[in-house]
Amino acid sequence: MGNEIPMYRDEKKTYDFERIEALIEEKGGMAKTGDILALGIDYRRLLSFLDEGKLKRIKNGYYGLADDDDEEKLIATMFKDGILTMASGLFYQGYLKMRPSSWSIAVSKNVSKSRFKLSYPVITPYYCEESAMSFGVEIKNVGGQMMKVYTKDRLACEVLKYEDKISRDDFKEGLLNYIKDESKNVEKLMEFAAKRKVTNKVRQVIGVWL
């Protein structure tokens, strides 16, 4: 104890920020207030980093690095129980050229709605019965993290089911690319269509091209 070299005030502040930075990286892009304070960092110091623009408040009780714009890593970390759907799913299946500004995520209808009250990133939740989230799902790399995404055939059904909740451009681009995709599985498409109660829409919109 007696041999420890005391730090100057600025050195201690830099050291504290470096520890918070390492914690946030370790936690996948955000850290809880409690985890930061557990490092022995004073809450007033945490607030000072916010005021100085070094940290940003992602939601109540969660903080990230202000200069970290890696939304993908953040989404995959925050919504491990969710499934990318609609335009977000279409993008990660290679059917859209541009990643949508809002993240469409299918989640259980039983989860807390407060999870989606974020200033950043922008989330559009799709509340589902848990049984509806148990099929037509695969895992993809999203920002270096593994995250669930609806399969191509399942996505075609979701886009038709919620046609009024997706832009016309994304709707057309996504479905046209699905139709042209030689890896699509028509048998699975019709199986999922029956489960999602969109069989007639699939036949009317996609069927003529199959």
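The model is predicted, so to speak of local features a pLDDT of at least 70 is needed, side-chain atom pairs count only at pLDDT 80 or more, and totals for chains, interfaces and linings use all residues. Residues are numbered from 1 along each chain as its sequence is written, and side-chain values use heavy atoms, with hydrogens and water left out.

**Salt bridges overall**

- Side chains of opposite charge can pair when their charged atoms come close.
- A search of the whole structure finds 18 salt bridges (a side-chain nitrogen of Lys or Arg within 4 Å of a carboxyl oxygen of Asp or Glu).

**A pair within helix 1**

- Arginine 19 and aspartate 16 form a salt bridge through their side chains, at 2.9 Å from N to O.
- Both residues belong to helix 1 (residues 9–26), where they sit 3 residues apart, about one turn of the helix; helices (H or I, at least four residues) are DSSP runs, numbered from the N terminus.
- Aspartate 16 is buried because its relative accessibility is 2%, while arginine 19, at 22%, counts as partly exposed (buried means under 20% relative accessible area, exposed over 50%, partly exposed in between, with a 1.4 Å probe and protein chains only).

- Glutamate 158 and arginine 196 meet through their side chains in a salt bridge of 2.6 Å, N to O.
- This pair links distant parts of the chain, 38 residues apart: glutamate 158 is in helix 6 (residues 152–161), and arginine 196 is in the loop between helix 8 (186–195) and helix 9 (199–205).
- Glutamate 158 has a relative accessible area of 1%, so it counts as buried.
- Arginine 196 is buried too, because its relative accessibility is 9%.

**A partly exposed pair**

- The side chains of arginine 168 and glutamate 163 form a salt bridge at 2.8 Å, N to O.
- Arginine 168 is partly exposed at 46% relative accessibility, and glutamate 163 is partly exposed with a relative accessible area of 23%.

**Isoleucine 36**

- Isoleucine 36 lies in helix 2 (residues 33–37) and is buried, at 0% relative accessibility.
- Setting aside neighbours within four places in sequence, isoleucine 36 is in contact with Ile20, Leu23, Ala31, Ile41, Leu46 and Tyr63 (contact means heavy atoms within 4.5 Å).
- From isoleucine 36 to methionine 98 there are 62 residues in sequence and 36 Å in space, C-alpha to C-alpha.

Technical notes
Helix = DSSP H or I, 4+ residues; strand = E, 2+ residues; numbered from the N terminus.
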